[in-house]
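Here is a short briefing on the structure shown below.

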Amino acid sequence: MNRAEMVEIVLDAVRAEMEAVANPTAFSGDIDEATPLLGEGAPIDSLGLVSVIVQVEESLRSVDGIAVTLVDERAMSLRNSPFRSVGALSTYALECAAAAQEGA
Amino acid sequence: MNDEREVVLITGTRKGIGKALVEHFVSRGAIVEGCSRQQPDWELEGYHHHQADVLDEVQVRDMMQSISDRHGRLDVLVNNAGVASMNHSLLMPMATASRILETNVLGVFLVSREAARLMKRNKYGRIVNLGSVAAQLRIEGEAMYAASKSALLSFSQVFAREVAPFGITCNVVAPTPVETDLIKSVPQDKIDRLVAALAVKRLGTFDDVSNAVEFFASPRSDYITGQVLYLGGA
C-alpha cells in the first residue's frame, strides 16, 4: 500500500463521517491532507474522530487484511498527535500498517 | 433494526447461564453465536460456537470478523463469561484474584469494544452484561468477585454513554445465585444467607435471567441504557 492509497482511505472515512452526522459542523470546502481532524477548523467532532479511526482500521483489515491498532501507547505519547490532520493520520497509519505486515 | 433475524453473541456458553441463554435465543428464532475457551459437549441447530478466550484480543477480533463475514452485523451481545472464587480475602491467592478481575472486567471490556465496532455499522446494538447481586449484598468471602462485578457495573454505565450516539445500549442484569457450576463450591450456609437477604427468598432460575436479558435486548428498549436490574429484589 502506498501513501496515496492510505490518504484515500482516511479521506473516505472522514467523508463518510461528515455525511453520517445529523448536524455537520459548519465546514466548507474540500478536504485534503491539510484538513485538521482535531480542534478548530476540523470538519468532525471528537466523537467523529473516534468513528474515523475505527473506520480506517476496519478498511485496512477488510480490504487489505492488515490488522492494526492505531490508538496505542505509542500514539498517545507522540509529541505531535498522529490524529491532528488527514495527512498526519495517513502517515501514521501507513507506519502502523508496515509494522503490522512486517510482524505478520 | 431491520426485519432480518437477530444476530446474537453470548460469551461463556459452554454451560450454565450461557448455555441456557443460547437455548432461549435460538428458541425464539435468533441466529446465535457463542464462545468459550473449550468446546462445549453439546450442539444445537441455529447455534455456532467459537473456541475463543474473552481475554485474547486476536481471538476476539477473529470471532467478530467471522460474525461480520457470515452475517454482516451483530445485534445483541450478552457478556456472560465470568469466573467466581469464594475465599476469605486473607486467603485469596493473587493469581485467583487476578483471574477474577481479568475475566469479569477486562474480558467484558474487550468483547464489548469489538462488538460495538461491529454494531456501530448499523447504528444499532444491545449489550447486556451479567453482573451479580454479590456487588450489592456484600457477602463475606466474595470480596474480589463483588469488586469485579462493581467494576463491571461502573464500566457498563460509562460505556453506555460512550456508545449511545451509535444507537447502542448497554445494561446490566445482576442475577442472584442460580444452580450452576459457578456456585457449586459455595458452602450451603453462605447460599442460605444470601437468599435470606433477598426480597424473594429463593435461588434464581435460568428463566429469571433470560427474561431480564430479553428485556434489555429488545429493540423496544432503545431508551433504556446504563441501568442495572437486580433480580430477587436484592
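Chain B has a radius of gyration of 17 Å, which agrees with the value near 17 Å for a compact globule of 234 residues. The radius is taken over C-alpha atoms, and the globule rule is 2.2 Å times the number of residues to the power 0.38. This is a predicted model: local features need pLDDT of at least 70, side-chain atom pairs count only at pLDDT 80 or more, and totals for chains, interfaces and linings use all residues. Residues are numbered from 1 along each chain as its sequence is written, while chains are lettered from A and ligands numbered from 1 in the order in which they are written.

**Chain B overall**

- Along the principal axes, the C-alpha atoms of chain B fill a box of roughly 50 × 35 × 35 Å.
- Chain B holds 7 helices and 7 strands (DSSP runs numbered from the N terminus: H or I of at least four residues for helices, E of at least two for strands).
- From the N terminus, the order in chain B is β-α-β-β-α-β-α-β-α-α-β-α-α-β.
- Among contacts in chain B with a separation of 6 or more, 71% join residues 24 or more positions apart (contact: C-beta atoms, placed from the backbone, within 7 Å).

**B:E33**

- B:E33 sits in strand β2 (residues 31-36) of chain B.
- B:E33 is buried, because 25 other C-beta atoms lie within 10 Å.
- Beyond its neighbours within four places in sequence, B:E33 contacts B:V8, B:L9, B:H48, B:H50 and B:I67.

**Helix pairs**

- In chain B, helix α3 (residues 94-120) packs on helix α5 (residues 143-163) at about 15 degrees, with axes 9 Å apart (axes are lines fitted to C-alpha atoms, for helices over the stretch in contact; angles run from 0 to 180 degrees between N-to-C directions).
- α3(B) and α5(B) are therefore roughly parallel (under 35 degrees; over 145 is roughly antiparallel, 65 to 115 roughly perpendicular, the rest oblique).
- By class, the contact of α3(B) with α5(B) has 14 nonpolar, 3 polar and 1 charged residues (nonpolar: Ala, Val, Leu, Ile, Met, Phe, Trp, Tyr, Cys and Pro; charged: Asp, Glu, Lys and Arg; polar: the others, Gly among them).
- In chain A, helix α1 (residues 3-20) and helix α2 (residues 46-64) pack at about 135 degrees, with axes 9 Å apart.
- α1(A) and α2(A) are therefore oblique to each other.

Definitions and conventions: Contact = placed C-beta atoms within 7 Å. Buried ≥ 20, exposed ≤ 12 C-beta atoms within 10 Å, placed from the backbone.
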